[in-house]
Structure formats: C-alpha cells, structure tokens
Amino acid sequence: MGNPALFTPLTLRGLTLKNRIVMSPMCQYQADDGHITDWHRAHHGHFSMTGLGLAFVEASGVTRNGRITYGCTGIWDDGQIAGMKEIVDRYHARGTHCAIQIGHAGRRASCERPWQGAGSIERQDGPEAAWQIVGPSALPEREGYPVPHELTKSEIADLITAFEDAARRSLKAGFDIIEVHGAHGYLLHSFFSPISNQRTDEYGGSREARMRLPLEAASAVRAICPDDMPVFYRASCVDGLEGGLVIEDAVALAGELKTVGIDVLDCSSGGMAGPATLSKNRITPGYMVPYAETIKRETGIATMAVGAIIDPHQAEDIIATGKADLIAIARELMADANWPYHAAQALGVENPHAVLPEEYAFYLERREAALDRSAL
C-alpha cells in the first residue's frame, strides 16, 4: 500500500484537484443549436460517479459559426448557460471539478458529424446547410475543400470579444476551469501554423506574429477570469507535416502563454490536415507524452499529457517522474468508466473504494472484506 502520485492532490491557483485524472473534452455531436440535450445529461451524469479529479465538457463554440458541426455545443448565447450549469452541478455534487473548453473551429467548421464522414458539408440549403468558414488566409484545408474567408483585423477583434463573452457565460455556469482551444487545426492553431497562415500583416509571417492571435485570445479569457481561477490552453505541439509546427514552436508559445497567465498547457498534436482524433495512423500508448515532458522542462509551465494513456502504471509513471502534472483520458473512459477506481486498485491505494461515491464505496468495501477470492 502506498500513496501513488496519480492520486495526490494538485493545487492550481485557488483550486485543488483531488487527483491527477482528467476526462478530456469529448465532442458528442448531440447538441440542439448549441444547447445540451438529454444525451449530455446522461453522458456526464455517468462520468460524475467515477471519481475523476476534473472533467471537461466538450469543445463549445464561442460563436454559432465557430462550431465544428451542427451537433456541437455552444456558449455563444445566454440561453446556453442553464444547461451547462446542470452539467457542472452534477460533477460538483460528487466532488469532481468541472471545466469547459471554448474555441472556434475556423476553417474546420461546417463539417458533418464523424459518423457521417466528418468532411465539409456540401448541402447548400436545408436545415443543415453549409456555412461560410473563416481562417487566417484564403487557403482550403485540402484540395476540394471550401476556401475560408480571410479574416479582417476588425473581424479578428470581434472574435476576441466572442471569446471574452464565452468566458463570462462559462463563469455564470459555474465552471471551475476554462480551457482555450488552440489545437487540431481550429482557428487559433490555424493562425499559429505556417501551413495555414500566409498573412503579411501583424498576424502573419514570423513565429511571434503568428502567435499573436492565440496570445490575444488567451489573454482576453485570462482577464475575464478571477485571479484564483485556473485557465488552460490546448495546443497542437507539432503539425507532423513538412513546413509545419515543430516542438520548438510549441515551447515558444508555451513560454508566452505562461507569461500572460495561462496555468496549464494541454499538450496534443496534429489536426492541420485531417481530424487529429479520427486519425487512422497507428499509435502507441502515451505517444504524445514527450510533448508535455519537453514543454514542462523547457518552460516550467504545468502540463497535461494526453494520447492513448491506458494503463494505470503508465499514468502513474507520467506523474511520478514529472513528465506532466495531469493525465487526460477519453476513449479509455468510454471503455472503462470506472478507470479511476481500477487504477486505485492497481496502484495499491490504501482504500481504493473511497475513490467512488460513498453510495458505491460502502458496498464494494463490505464485499471485499467478506469475499474469499481464493475460491475464484
């Protein structure tokens, strides 16, 4: 029996997480005009019972046209606050903190749901017709895809205001943490990557100019949030494409984000050409952990590791050896919603049952005390 690092608290500003296990934002594509539905209530009600330290609501659009699909949640309208608060309250009732990821899909908006192919919507009329996408430059994601409208400086300013307003609504909903989405080919990432940004004004060209919009959005959200509230930023640390972002670029961005008050860098990758989370490329467990480790070492900012973190001992090693401060899992939680409980058992937590709500822990602890496992 011991005290695994994975189950030690982590304090970020005025917030203390009870353990280092985070549920990643998982887009459900079940929203109704950006509003949560019964699917979300069931989905989050399910995970609120599992002992997570922190749970994220999915990527939510700061504008209606900033959604990835018609099924994505939003936080662009005051009417969406109440539904989000329902989700927050479910987690809080079970001792788990709750976060929201806010963003704008940029040139990757106006897409079909994943099971409909995830490609650009081709319908020009009807209830789910295509809409105008935007980006730093008039460059389509790939051949045959829609050409985005190149944002003017006035339109960029409007989008910063949209991030601010989304942050205010998130505070009203009671979220403990806000994460700015700057990964996976979406708007902020597309401004930072030289693949998609060919501007010649102050928002394009040098690395410093390309990171201007990500830093402005992050700074704007940080300014809206109370001083004791953590703000995260999700970054694609590498593009994985010739001429794209490399880890040195992510280190530079992370250092600047730390300067403007971002507390945790959520270290993902890819998405500049094709959905990062739907890639068919072979992956190995923990394949993105080195990004979190490098950025933490080079900048001192706290990091969250993601990417096929499956085994509890793997997760424990990440935290115990200082590669990252948090681990985020998604699909493994879909496969095993009680992953935190099973991790506590595997890592020798003194009373693993206590990870779960008392109403479950009481019965499991009694069963364990009475069960003769030698007969199994």
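Trainee: Which residues have the most contacts inside the largest nonpolar core?

Mentor: In soluble globular proteins, nonpolar side chains tend to be buried together. A nonpolar core is a set of buried Ala, Val, Leu, Ile, Met, Phe, Trp, Tyr and Cys residues joined through side-chain atoms within 4.5 Å, where buried means under 20% relative accessible area with a 1.4 Å probe, protein chains only. Here the largest core has 83 residues, and Leu6, Tyr233, Ile295 and Ile327 have the most contacts inside it. A second, separate core of 17 residues includes Leu10, Leu12, Leu54 and Ala99.

The model is predicted: local features need pLDDT of at least 70, side-chain atom pairs count only at pLDDT 80 or more, and totals for chains, interfaces and linings use all residues. Residues are numbered from 1 along each chain as its sequence is written, and side-chain values use heavy atoms, without hydrogens and water.

Trainee: What does isoleucine 295 contact, leaving aside its neighbours within four places in sequence?

Mentor: Contact means heavy atoms within 4.5 Å. With those neighbours left aside, the partners of isoleucine 295 include Cys237, Ile247, Val251, Leu265 and Thr303.

Trainee: How many residues of the lining of the largest cavity are nonpolar, polar and charged?

Mentor: Five are nonpolar, six polar and one charged; Ala, Val, Leu, Ile, Met, Phe, Trp, Tyr, Cys and Pro count as nonpolar, Asp, Glu, Lys and Arg as charged, and the others, Gly among them, as polar. A cavity is a set of points on a 1 Å grid over the protein atoms alone where a 1.4 Å probe fits but cannot get out, and lining residues have an atom within 4 Å of a point. Among the lining residues of the largest cavity are Arg67, His104 and Tyr186.

Terms used
1 Å grid on protein atoms, 1.4 Å probe; cavity = no way out; pocket = protein on both sides within 12 Å on 5 of 7 lines; lining within 4 Å. Buried < 20%, exposed > 50% of the residue type's maximum accessible area, 1.4 Å probe, protein only.
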